[in-house]
Amino acid sequence: MTPEVTLRQQAEDLASPLPPLLAAAEHLASTVMLGIHGRRRAGMGDEFWQYRPVQYGDELRTIDWRRSARSDAQFVRQKEWQIAQSVLMWVDNAGSMRFASDKNLETKGHRARTLALAIAVLLLRAGERVGLTAFDAPPRTGETQLMRIAALLSDESNDADYGQPEARGMLPHSRALFVSDFMGNIEPVEAALTKAADRGVRGTLLQVLDPQEEIFPFDGRTIFESMSGQLRYETLKASDLRDKYLTRLAERKDRLLHLCQAAGWQFGTHHTGDSAQSALLWLYSSLERV
Amino acid sequence: MFTIGALGFTAPWLLLGLIALPILWLLLRAVPPAPIRRRFPGVVLLLGLKDEENQADKTPWWLLLLRTLAIAAVIIGFAGPVLNPQEERTGDGPLLIVADGTWADARDWPRRLDRIEALLEEAARRARPVAFVMLTDPPAGELQFQAADVLLSRLPSLQPNPWTPTDAADWAQGLTGSFETFWLSDGLAREGRGNVLVSFENRGPVTVFESPRPIYALEPARFQDGNIVITAIRDNGGAAESVTISARGLDPAGIERQLAIATAEFETGAQRAEVELTLPPELRNRISRFEIPGMRSAGAVTLTDDALKRREVALIAGREGREGLELLSPTHYLEQALEPTADLIDGTLEDILLANPDVIILADVAQVSDLEREGLLEWIDQGGMLVRFAGPRLAASDVSRQDEDPLLPVRLRAGGRSVGGAMSWGEPKALSPFAETSPFFGLTIPPDVSVSAQVLAQPDPTLSDRVIAALADGTPLVTRKREGQGQIVLFHVTANAEWSTIPLSGLFVEMLERLAISTRPAMPDAEDLAGTVWAPDQMLNAFGEVLDATTLAGVSGEDLAEGQLRPEMPPGLYAGEDRRIALNVTQPDTTLTRTAWPARITLEGLAVVAETALKGALLTGAFVLLLIDIIASLWLAGRLTGPRAVTTAMVAVAALTLTANDTHAQDTQIDALALDATSEVVLAHVITGNRQIDDMAFAGLLGVSNVLFQRTSVEPARPISVNLETDELSFFPFLYWPITTDQPIPSDEAYARLNRYLRTGGMILFDTRDANTASFGASSPNGRKLQQLAAPLDIPPLEPVPSDHVLTRTFYLLQDFPGRHNSRDVWVEAAPPDAEQIEGMPFRNLNDGVTPVVIGGNDWAAAWAIDENGRHLYPIGRGYAGERQREIAMRFGVNLIMHVLTGNYKSDQVHVPALLDRLGQ
């Protein structure tokens, strides 16, 4: 099986217990695209809304003859106004995401892709439009889109040590999902969130971390290297560094949380040692949130 | 070689390496442990941090000490340390190694071989040509000097000989050339030893190796005043000590075992110690040899021969009860002749036959009953010897007149004859010389022996073959007939002096001896043995082991009488025509004396102090230290606690603990079961493999135990679940075995255990739990399974519990045995067919033991089952009737356990009225 098929299968498995996800749709007027978020008023859409008496100006073909035949007056059949929400995702595929501390654990990147694709599966089933940031896969509906996203997510050819969020191609008032370990430089994240907030894009920031990164269980003389080996740091007594490292990690999370709060985003941390299901549930609820 | 005390070094210069240790110490201190490289994305967060401490590059002192010790062990190890280094013997040129190779060597033969091996290895190192000679088996011709390696390969096959050197002095005289001699002496002085020594000294220096251990030997056992006297001898008159002597022989089952044991006490300075052994004749005749246990030497073994055997002779006379006429008693002379050498038995013929004597003598007995005749014939057929003496009764009877009596060798003419009396013609007849075919051949006939009356044999075609002694006129005096493996001998005269003077002469005793009725003196002299050939039957090797010797050639009687052991005549048992003679290493007058070597001879002990090379141990120690160092280093470097630590630790620990042994744990487990099962009465159930059934069976037994505890004096402990495959069953008086269709068939071993359990009084309650819907037939699944399970079991015939079975009244009076179901079909061992109800008794006197099985299908465990709080686990029946049924089920359980524990005690209660009646109540 090709990597994207495997990835998609895993994502489908993960998504299968949850009902289709309807991403909360706001500012619908600006993204006039047919979708499934009912506006509780008559308009374009597939769902029946109401019968109303024929008014002046109604075209003859709009009259619902079956309803009209049951009474003396003529009625027009109106449908609910439905629109679709666009959700754009960015999943980090840099070197740091290819890290797994134990051979029994999956890499952070794999977990991130699976979660993202699972959310995509749920959204697409609900009829939403899902895409990736940048311009590789603009938001669309349907199974084909899922194939496309899976193929693009399976690409692991990024050589950089740490990824930078891609904020291009975000439609105004759409929704966004950024998945990364956010270990790299914080400025691009800040910039991306600012840009998103400017466009009225609300979203979710999911930080995926390896358990080892959370605990720092090292002792003795150690040389730490980044995944590509570009960065290295040598210590003579790793156990002394634990507290400092943990402080810095907490600072980083705090910073991300503040950024999110400022931009109206949701922030969550997930460890690859935990169940993917719980992370998916959290994502589900965060995207559903209005 | 450089030595310190008992420690030597083969390469002492390497020890200088120890000087380098302090330098190593400094070096090790300076070098920090190698860093670990780790991939870690979180490294960005670390950038810019600084180490507070710099301790990791200082190795802790104990690790340094460990490493230094390891290095020191390696250095010392390679320096080749040797414990007890051997001093090299000087000398070169040809070397002769001489061993005595006698029975006295056999006791510490392995040590001698070790010594010879050490000498040979030494010679091999110095490239000396070596010859090896055993004086008991000197080589013919010149000495062959060979490379020591060749001799080394032959060494393991060397065996000592059970004889002593005979012509060693002559052989040593014939030696030529010059060589050094190493003599491994057995330590016993013997003739010609000085000459041998002189011959060796003429050829070169002589060193003697001798063990200071005392040498013990046993003299041939002899018979004295009805007791066996065994003499132990030793070669030095040392301190007082005691030597255990064991008498060995075949037991009635034909297995050789120790029959008696005696202790000979040497007094201080004494070289001999005697011990007397009093044994019943049956036991005494079984003894085939005496030995000092634990002493592997032919000297410590003495074989016994017929000299020690006393034949059992039964005397039966026709006339009894004539008091006061001892000299006229038909058996008086026989008793006198036989008493010193044989064991005499009195009694009726029937009793005597049971004792299975060697000889039965019937003195003037004409008729025996048919029963006695049959017994006698059978006994003769199996090798008994029946000797009959004639007399007035035999002469007057009609026995063997027309037809030959089976118990007489010839037909007899009526009346007999009397010669030389007052009323008859002629002189009393003398004996004619014995024919060559007669067993009496060679006995001298005293001139004053005469026969005045005899019974006459009818002339028959077979008569001449059967005559073994005749009178001068040719009439038979003694006739003999062989019958099966035995023989029947008839003396045609009386056993007393009425008819002849034979019983008064020495000839009588000799004739009895020749007939092997009495045994002869210990060792026949050379004249007796002249011209005879003796076949070796068993032989002794130098180690005192008895071997089969039937392949050896026979030896002449003269040689045997001389008693000089040779390769052709090893010690052993020699069989002649009618007796066996034992030839032992020692003679009755043997004395053991230490060799007194002249002062000029170097005397060394046998002990070889083995060189112990310590190199291996030291290097192993260094290796272990380094392994410990690995673990310690890993721990210090954090690799034992970080990721992948488990694998690292496992590898390290596996390297240290190479072997693990958990059999001990298993043993203690079995012991624990035994303790649990035997410290109190415990009920047990068989584990079926079905969890639910097993739990129910356990709960059921818990319920019964509880009820027993409350109502009876039986106080069982918690029940035990028994695995038929692994657990020992014999601890349990009672097994409950619920049947499920899916339980596995036990293995053969388990069935063997079950059968042993049933035979030794265990009881199994089989419960098909199906209410006997098929009425104990084959059609219910559980019933079929039960048949399958019970097929290999040793189960007696069964019957439904009869109304008077002891099970109905061991504690409660019961007629029903319900469980959860209330079926009446409960089967127990069938009563014997002859069990009958005695008049006035309420029940029959049934089988004595406990029935080994009770089979039913009432699902008793369900009715009995209680939980830990004592509540019943399963509902039984409905309402009060159900509770009543449960109560009866409990009572059945009580009765069953009582039956198991008390057996037929209640059955015996029927006798109480009778017993009370007899007591006069």
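**Strands β19 and β20 of chain B**

I began with strand β19 (residues 359-363) of chain B, which runs parallel to β20(B) and is joined to it by five bridges. My strands (DSSP E, at least two residues) and helices (DSSP H or I, at least four) are DSSP runs, numbered from the N terminus. Two strands count as paired if DSSP finds at least two bridges between them. Across from V387(B) in β20(B) I found I361(B).

Before going on, I noted that this is a predicted model, where local features need pLDDT of at least 70 and side-chain atom pairs count only at pLDDT 80 or more, while totals for chains, interfaces and linings use all residues. Residues are numbered from 1 along each chain as its sequence is written, and chains are lettered from A and ligands numbered from 1 in the order in which they are written.

Is β20(B) mostly covered or mostly open? Mostly covered: five of five residues in β20 (residues 385-389) of chain B are buried. Buried means 20 or more other C-beta atoms within 10 Å of the residue's own, exposed means 12 or fewer, and partly exposed lies in between, with C-beta atoms placed from the backbone. I saw M385(B), V387(B) and F389(B) pointing one way, and L386(B) and R388(B) the other. In a regular strand, side chains alternate between the two faces of the sheet.

**The five-stranded sheet in chain B**

Next I traced an open sheet of five strands in chain B, ordered β6-β5-β7-β8-β31 with parallel pairing. On average, neighbouring strands are turned by 20° against each other, direction ignored. My angles run from 0 to 180 degrees between N-to-C directions, and axes are lines fitted to C-alpha atoms, for helices over the stretch in contact.

Within this sheet, β5 (residues 95-99) and β7 (residues 180-184) of chain B pair in the parallel sense over five bridges. V98(B) has W183(B) as its bridge partner in β7(B). Helix α5 (residues 109-125) of chain B packs on the sheet and touches β5, β6, β7 and β8 (206-209) of chain B; its direction makes about 180° with that of β5(B). Contact here means C-beta atoms, placed from the backbone, within 7 Å.

**Where chains A and B meet**

How many residues does each chain put into the contact? I have 29 from chain B and 34 from chain A. On the chain B side, β3 (36-39) and α2 (43-46) each supply at least two residues. Strand β8 (residues 222-225) of chain A runs parallel to β3(B), with four bridges joining them. In that pairing, F224(A) has R38(B) as its bridge partner.

In chain A, the axes of α1 (residues 3-15) and α4 (residues 143-153) come within 8 Å and cross at roughly 115°. That makes α1(A) roughly perpendicular to α4(A); the label covers 65 to 115 degrees, with under 35 roughly parallel, over 145 roughly antiparallel and the rest oblique. Here E4(A), L7(A) and R8(A) meet L146(A), A150(A), A151(A) and L153(A).

In chain B, the axes of α21 (residues 691-711) and α25 (residues 879-902) come within 9 Å and cross at roughly 75°. So α21(B) is roughly perpendicular to α25(B). V704(B), V707(B), L708(B) and R711(B) of α21(B) make this contact with M890(B), G893(B), V894(B) and I897(B) of α25(B).

How values were computed. Two residues are in contact if their C-beta atoms, placed from the backbone, lie within 7 Å.
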